[in-house]
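Please examine the structure shown below before reading on. The paragraphs that follow begin with the chain as a whole and then turn to single residues.

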Amino acid sequence: MRLDDSIINIKGVGEKTAKSFNSLGIETIRDLITYYPRSYKMYTKPVSISETAEGDRVAVLCRIVTYVEVRKGRRYTITGLSASDSTGSIRMVWFNMPFLKNTFHRGETYVFFGIIKYKGNMRVMEMPEFFTQMNYERTMSTMQPVYHLKSGITNNSITRAIRSVSEAFSCVPEYLPDDVVREKGLMSRRDALRQIHFPENEETLKAAISRIAFDEFLEFLIKIRVLRENSVSEISSHVITREAEVKKDAFISGLPFSLTEGQTAAVNDIIKDMSSGYVMNRLIQGDVGSGKTIIAAISLLANCISGYQGALMVPTEVLAVQHYNDLCKLFKPYKIKVRLLTGSMTVKEKREVYEEIKTGSCDIVIGTHAIIQDKLEYKDLGLVITDEQHRFGVKQRQRLEEKGDSPHVLVMSATPIPRTLAIILYADMDISVIKELPVGRKRIKNCVVGTDYRPSAYKFIRGQIAEGHQAYVICPMVEDSDASELENVTDYADELSAQLGDNIRVAFLHGRMKESEKNEILQDFISGNTDVLVSTTVIEVGINNPNATVMMIENAERFGLAELHQLRGRVGRGDAQSYAIFINVKKSKESTERLKVLENSNDGFYIASEDLRLRGPGDFFGIRQSGDMDFKLADIYNHADMLRLAQDISIEYGKELPGKISL
């Protein structure tokens, strides 16, 4: 069996199943074995009911004490029963599983595994797994991989397929010398791929994840090195004119606010770079809300006055529209023509914009990935800006740069990466850092609370809405299979709407929606047609609504601190006082300590450093939070040690490895 073989060759995978695999990006054996689990299910020793607390994921051995009840709910068929042990009782609930009525009988004993919730004074498990005592004892010794799924494919079908191609692991080549692998304490590549799917224990899983993270970092750093060699300062580029510098100064003087010291320093760095005669390759790293957008506007203005086109690529259509509207207003006195280009535009609309860009009648184009399409030609592209760099891979950034003849490159990121790691990750770039917030912004007030605070939080949200403001509520997961573990966006929106009352408009948003639907919901919220937006982390980047003053995050302990900080940054963008409420469901000592960092600080760079200190490298149960950066698994916080090792290896062996690392 070869890595390039189609998955249709796997025993038990027919055309229909193959299409389901294809929807996950799995077309070959290589794709399959590099489709990594998102987490692992570990079955712990059963505990007594009285020992459990809300948020605990536990197993309880208990006897069924009631008959099974099945009733029709508003959205689900609900199956329930009560069980107990010598220390207490618990309620078990399943949704849309009425057939369980014939599975359970009063007096039988089972091990139930799931998350403990409280409904009043009653402990409840929703959608628990269940085992006979003998089967559970067998299961306790295993770590079960959990994969990201789409409709038509199950976790078991992925697991079975990978088991059936286990011989493919032996085809995986090792690109490093054996003595280097041993000396650096790395697991072999083929063993790492095998263990990532079927770990023997926690120790081998950590070693496997570390090795794969190392491979991803090393490949990334070598790409960056090649990019640096092709686009560093030896390459000549255009110089901004004296007229552009004068108009830039007048533009800054005419702003209704003063630039901060960090913004002023960043502008000076950019103007110096663009006046040098060589290609600018600069990263503007600014905390959430530090005012990076106005830096982009000033750079685009200087570039356009000098006679060149500019392009700004952003990760979401909503953000593209917001930037488009803002820049149109800012540049109106200068007769600079700004155009928007997104994937949802009609073919006719795109064709018109393409023509204007090609002929040069369009000065600035703002858009998503649509601005790097092959058919799009620029007349004279002089400045390329990518917003939220970590959302775009190196190849995408390079494709945009290749649209012009050695254009200047400016990258903006709000990801608070500790400087020691930023120097490695952005080795091909000069870095400017903006730390202060714009004048007039008020410090967000934070609180970390337990689930018993929810009624007070809802009351507070009602009060803010009565004052004319809006609120976000963030839930970690979406629906169905995740409903037993975490707050569910769709159900939560219904429950919140009932709690807040009919006069408060609640909408929900999650990543599985179509792009057009997401854009419409976000636009309604930004326009004030929605009071509360219940969402997953899909709003982490790309929403600017100065009227939103409350950010409430459920299951806050499940997120990384840097991601929570990004989410919190969606509020506090106007003049009004804003608030962040972090609901700590687990209430463990560790999660409380981590969340207290957020409660006590709004400094993203300090938070990133503390997150690294508190979690340390190799915490594979942490939620990935460092953005995409071409990585499937590696995380700059969890695997900082592997990033540093990859940096050392790239320096020592970098020239020998291009093309050898990709599986």
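**The chain and some of its residues**

The chain contains 21 helices and 22 strands; helices (H or I, at least four residues) and strands (E, at least two) are DSSP runs, numbered from the N terminus. This is a predicted model, in which local features need pLDDT of at least 70 and side-chain atom pairs count only at pLDDT 80 or more, while totals for chains, interfaces and linings use all residues. Residues are numbered from 1 along each chain as its sequence is written, and side-chain values use heavy atoms, with hydrogens and water left out.

Along the principal axes, the C-alpha atoms of the chain fill a box of roughly 85 × 65 × 50 Å. Of its 663 residues, 56% count as buried, where buried means under 20% relative accessible area, exposed over 50%, and partly exposed in between (1.4 Å probe, protein chains only). Among contacts (heavy atoms within 4.5 Å) with a separation of 6 or more, 72% come from residues 24 or more positions apart.

Arg2 is found in the segment before α1 (15–22). Arg2 counts as exposed because its relative accessibility is 62%. In sequence, Arg2 and Phe169 are 167 residues apart, yet their C-alpha atoms are 9.7 Å apart in space.

What is a disulfide? A disulfide is a covalent bond between the sulfur atoms of two cysteines. The structure holds 0 disulfides, counted as pairs of cysteine sulfur atoms within 2.5 Å. Cys304 is in no disulfide, and the nearest cysteine sulfur, that of Cys362, is 8.6 Å away. With 12% relative accessibility, Cys304 counts as buried. Cys62 is also buried, at a relative accessible area of 2%.
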